Amino acid sequence: MKSALRNLTLLLSLLPLVQVHGRRVRNTESNGISVLGDFNHESSFPRFPETIANVTVTVGRDALLACVVDNLRGFKVAWVRVDTQTILSIHHNVITQNPRISLSYNDHRSWYLHIKNVQEADRGWYMCQVNTDPMRSRQGYLQVVVPPSIVDRETSSDMVVLESTNVSLTCKATGYPEPYVMWRREDGENYRYNGENVNVVDGEVLFITKVSRLHMANYLCIASNGVPPSISKRVQLRVQFPPMLTIPNQLEGAYIGQDVALECHTEAFPTSINYWTTERGDMIISGSDKYEAVSMDSGYKKYMMLKIRNVGPGDFGSYKCVAKNSLGETDGVIKLEEIPAPTTVRTTTHFPTMPPKKKGRGRVGGDRLGRGGGVGGGSDLNRVSSSDKTSDDDSNPEYDYDGEFTLPSNRPPAIQDLPGAFSGSAQLPVPCRFLLIALLVLVCLR
């Protein structure tokens, strides 16, 4: 700092600045105008009405530092880089050899220091000073922020590991302020980490113990420090394991002439080769009139289906689905057995003949088709009320086909009460009736 001031004083002494003779001074400007002043009064000195505002700028942008001086009179203004003790400008002249630095001013009151394409090395304190005795100055800080960036050479790339081993993913980021780094899955799903289901892991290192196929995914390393934009890098994690197989139904049944489908589910990485064989070990070729093999992939999972058309006697037996990759092979057996074909039963429905009803005659208890009456309701479905009886005068009835019909009864005849001593409706046997009539005739003849 002292060295910078000495340099500044030396440079200023080379210019036609201030000459002190006792209490009065003469400041001779380059235009020949002399200014007299009494420096015993504080108001005669230049002053800074404002502080130099601190400036924050993103690397690569332009920065502007402003210094305002009142009552400058014949004094000179200079800009100095404090930490490096570098004189940048004196009055109207740029001293530094840095081509990115320039100077502008307004009415000898506002003095601006311009820095183009700011670099991190420009971060620091800058001083605006006036060559009074003693020197007067103000300082401002230039903060240079840097958005985050990921250091590829120190960051993990795509990885392939064996299941049940430990895996470590590393992400190194730089920037100013120091970036915050986190890991998450690209698909946004939770994953198992240190015994917990998590969505985000903080820190540069993602360490997974006993990795499983459920960890297989694309992971994003995201770095941010509040300076846009944030940045991320994708790391693909693949977990190798031998094939595994699941069969929903190990026993299937079909009858002659039926089409049947056999299903099989497999998991493997690297992707397995899947196919079907008969119980004799012959590989089944898809695309024939008899067989059609269908396969659908979903990540490390695969769905297999074998369609057998028009099952015949020779199609019954065992079928095997096979999956193999570079780490192993597995298979599963499905047995197809014959079942009886369903029988077709023909049923014939006989509807009772409904004789036409005479106009205005007959009503079934219930609605017009007898649906209102029922056995449990105490009314006979086909019982006709006494008011519906036809008279002898209706010898040539006119049939009303739009009227109501009486359904014939299909019920057995009603059980009549047996005669008894206390039966209110008991009747005498036929011989007793004739005997009673004969006795009544004899009484009348007498």
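## Nonpolar cores

The largest nonpolar core has 26 residues, and those with the most contacts inside it are Trp 183, Tyr 191, Leu 206, Ile 208 and Tyr 219. A nonpolar core is a set of buried Ala, Val, Leu, Ile, Met, Phe, Trp, Tyr and Cys residues joined through side-chain atoms within 4.5 Å. Buried means under 20% relative accessible area, exposed over 50%, and partly exposed in between (1.4 Å probe, protein chains only). At least two residues of this core come from each of strands E14 (167–170), E16 (180–185), E17 (191–193), E20 (205–208), E21 (217–224) and E22 (231–246). Strands (E, at least two residues) and helices (H or I, at least four) are DSSP runs, numbered from the N terminus. A second, separate core of 24 residues includes Val 77, Ile 101, Tyr 126 and Leu 142.

This is a predicted model: local features need pLDDT of at least 70, side-chain atom pairs count only at pLDDT 80 or more, and totals for chains, interfaces and linings use all residues. Residues are numbered from 1 along each chain as its sequence is written, and side-chain values use heavy atoms, with hydrogens and water left out.

Not counting residues up to four places away in sequence, Tyr 191 touches, among others, Trp 183, Val 198, Leu 206 and Tyr 219. Contact here means heavy atoms within 4.5 Å.

## Thr 155

Thr 155 sits in the loop between strand E12 (136–150) and strand E13 (159–162). Thr 155 counts as buried because its relative accessibility is 9%. A polar atom of its side chain lies 2.7 Å from the backbone oxygen of Val 151, and the side chain of Thr 155 also reaches the backbone nitrogen of Lys 172 at 3.2 Å. Polar contacts are pairs of N or O atoms within 3.5 Å; within protein, one must be able to donate a hydrogen and the other to accept it, and residues adjacent in sequence count only if both atoms are side-chain atoms.

Leaving aside neighbours within four places in sequence, Thr 155 is in contact with Ile 150, Thr 170, Cys 171, Lys 172 and Lys 233.

## The E5-E10-E9 sheet

An open sheet is formed by 3 strands in the order E5-E10-E9, with antiparallel pairing. Two strands pair if DSSP finds at least two bridges between them. The edge strands are E5 and E9 (101–106), each pairing on one side only. E9 is joined to E10 (residues 110–115) by 6 bridges, and Ser 102 stands opposite His 114 in E10.

Ala 66 is found in E5 (residues 63–68) and is partly exposed, with a relative accessible area of 31%. Its C-alpha atom is separated by 4.6 Å from that of Tyr 112, 46 residues apart along the chain. Leaving aside neighbours within four places in sequence, Ala 66 is in contact with Ile 52, Trp 79, Trp 111 and Tyr 112.

## Salt bridges

The structure holds 17 salt bridges. A salt bridge is a side-chain nitrogen of Lys or Arg within 4 Å of a carboxyl oxygen of Asp or Glu. One of them joins Arg 109 to Asp 70, with the closest N and O atoms 2.5 Å apart. Arg 109 lies in the loop between E9 and E10 and Asp 70 in the loop between E5 and strand E6 (77–81), so the pair ties together parts that are 39 residues apart in sequence. Arg 109 is partly exposed at 34% relative accessibility, whereas Asp 70 is buried at 16%.

Asp 282 forms a salt bridge with Arg 280, the closest N and O atoms being 3.5 Å apart.
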